[in-house]
Amino acid sequence: MRSEQIKYFLEVAQCGSMSEVAEKNFLTQPAVSTAITKLEKELDVQLLTRSNHGVVLTEAGRTAQQFLFQMQQLNQQLSASLEPYRAKPSVKEKPLNICTTLEIGKYLVDPAVAHFRQLSPQSAVSVREYDFLDILTAVGQGQCDFGVFCIIQDILAEKEVQQLVEDYRLGIEKISSDQLYIGVAPDSPLAQEPSLSLKTILQHPLVIYNSSFNQCWHEMFLKRYIAQPQLIKTNRISDLSDLVLHQGYLVFLLNHNLFAVKSAQPSSYVLIPVKEHIKLLTGLLYKKGSPFKDCNKELMETIRKSASQI
């Protein structure tokens, strides 16, 4: 049972709206719903009744609310009581908070941050992995200094994305682009094809390298072409390879520059370009008009250079 699960449940119980709690905490509504669902599974009871009109507490939820409120108060009292015993940190500059999509966190952002720390050891950097839509919200609401993302370029034209960009006055900078590739098993007949059409691809079950989010931009894209895509999410390379090699899955969103086979054996799968003109875009997301600290600019430049070298 995690403190944020208790926090979100108590806030939803008070206001009756998951979307309101999500906005208050710089999250998406599915993220709040998932946290509460995990709490319900741990307690083995249903705490909320969900409907199109909002949520209401079940009888078990009302009982849990009383105890969880007491637990939250005790946690706060405990933290306050231990404050005199904590080592006082030296005054440091506020850390940089950046967010990134999962696909490029390990292969682009992490190495760039490591290099930046060598250049600026006095600067603290925090990296968080979000879905692209959550990056828009986190940067727009000031939770993160800037974002680094890898998406299909057409997603930027989606109405939902355009509205968020406009509402938050966001700037988007392209730093690299590549053709979309699909990963297939080496012994698959598809491995002999020079390219694969979307129609062919969507006849197969798909796996994406992303398991942190209930809703993700990959589904936004795929649902343009098929109502219910056969899609599995994972952030385990071993699972991804097993699905491709032994269960007939294709890997959706394998960028041969950014992701390719750097995390798996070269023989695990073959990369085939998508026949349609679909571009994979890597870029930076920032809030227009926000004053950037020098170290912020330096880190962004380090990421630009790292992307150009992949």
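D154 forms a salt bridge with R224, with the closest N and O atoms 3.9 Å apart; a salt bridge here is a side-chain nitrogen of Lys or Arg within 4 Å of a carboxyl oxygen of Asp or Glu. D154 lies in the loop between β5 (146-152) and α7 (159-168), and R224 in the loop between α9 (217-222) and β9 (231-234), so the pair ties together parts that are 70 residues apart in sequence. The model is predicted: local features need pLDDT of at least 70 and side-chain atom pairs count only at pLDDT 80 or more, while totals for chains, interfaces and linings use all residues. Residues are numbered from 1 along each chain as its sequence is written, and side-chain values use heavy atoms, with hydrogens and water left out.

**Overall composition**

- The secondary structure of the chain comes to eleven helices and twelve strands; helices (H or I, at least four residues) and strands (E, at least two) are DSSP runs, numbered from the N terminus.
- Of the 310 residues in the chain, 46% are buried, where buried means under 20% relative accessible area, exposed over 50%, and partly exposed in between (1.4 Å probe, protein chains only).
- Among contacts (heavy atoms within 4.5 Å) between residues at least 6 apart in sequence, 74% join residues at least 24 apart.

**Salt bridges**

- The structure holds eight salt bridges.
- Salt bridges that share partners join D154, E158 and R224 into one network.
- D154 is partly exposed at 35% relative accessible area, and R224 is partly exposed at 37%.
- R50 and E40 meet through their side chains in a salt bridge of 3.1 Å, N to O. This pair links distant parts of the chain, with R50 in strand β1 (residues 48-51) and E40 in helix α3 (residues 29-43), ten residues apart.
- R50 is partly exposed at 35% relative accessibility, whereas E40 is buried at 9%.
- A further salt bridge joins the side chains of R2 and E4 at 2.8 Å, N to O. R2 counts as exposed at 55% relative accessibility, and E4 is partly exposed at 25%.

- A hairpin joins β1 to β2 through two residues, and the two strands pair in the antiparallel sense over four bridges. Two strands count as paired if DSSP finds at least two bridges between them.
- S51 stands opposite G54 in β2.
- Helix α4 (residues 59-82) has 24 residues and should span 34 Å at 1.5 Å a residue; its end C-alpha atoms are 35 Å apart, which agrees. The expected span is 1.5 Å times one less than the number of residues.
- The buried residues of α4 are G61, A64 and L68, and they pack against α1 (3-15), α3 and β2 (54-57).

**The sheet β4-β3-β5-β12-β6**

- Five strands form this open sheet in the order β4-β3-β5-β12-β6, with mixed pairing. Its edge strands are β4 (125-129) and β6 (170-179), each pairing on one side only.
- The twist averages 20° from one strand to the next; axes are lines fitted to C-alpha atoms, for helices over the stretch in contact, and angles run from 0 to 180 degrees between N-to-C directions.
- Strand β3 (residues 96-100) and β5 pair in the parallel sense over three bridges, and the bridge partner of C99 in β5 is G147.
- Helix α5 lies across β3, β4, β5 and β12 (279-287), running at about 175° to β4.
- Helix α6 (residues 132-140) packs on the sheet and touches β3, β5, β6 and β12, its direction making about 155° with that of β5.

**Helix α5**

- The 18 residues of α5 (residues 102-119) reach 25 Å from first C-alpha to last, close to the 26 Å expected at 1.5 Å a residue.
- A kink of about 35° lies at V109, shortly before the proline P111; the bend at a residue is the angle between axes fitted to the seven residues ending there and the seven starting there.
- Buried residues of α5 include L102, I104, L108, V109 and F116.

**The sheet β9-β8-β10-β7-β11**

- This open sheet has five strands in the order β9-β8-β10-β7-β11, and the pairing is mixed. β9 and β11 (270-273) stand at the edges, each with a single partner strand, so one side of each is left without a neighbour in the sheet.
- The twist averages 35° from one strand to the next.
- Strand β8 (residues 206-209) pairs with β9 in the parallel sense over four bridges, and K233 in β9 is the bridge partner of I208.
- Helix α10 (residues 237-247) lies across β7 (181-184), β8, β9 and β10 (250-252), running at about 160° to β8.
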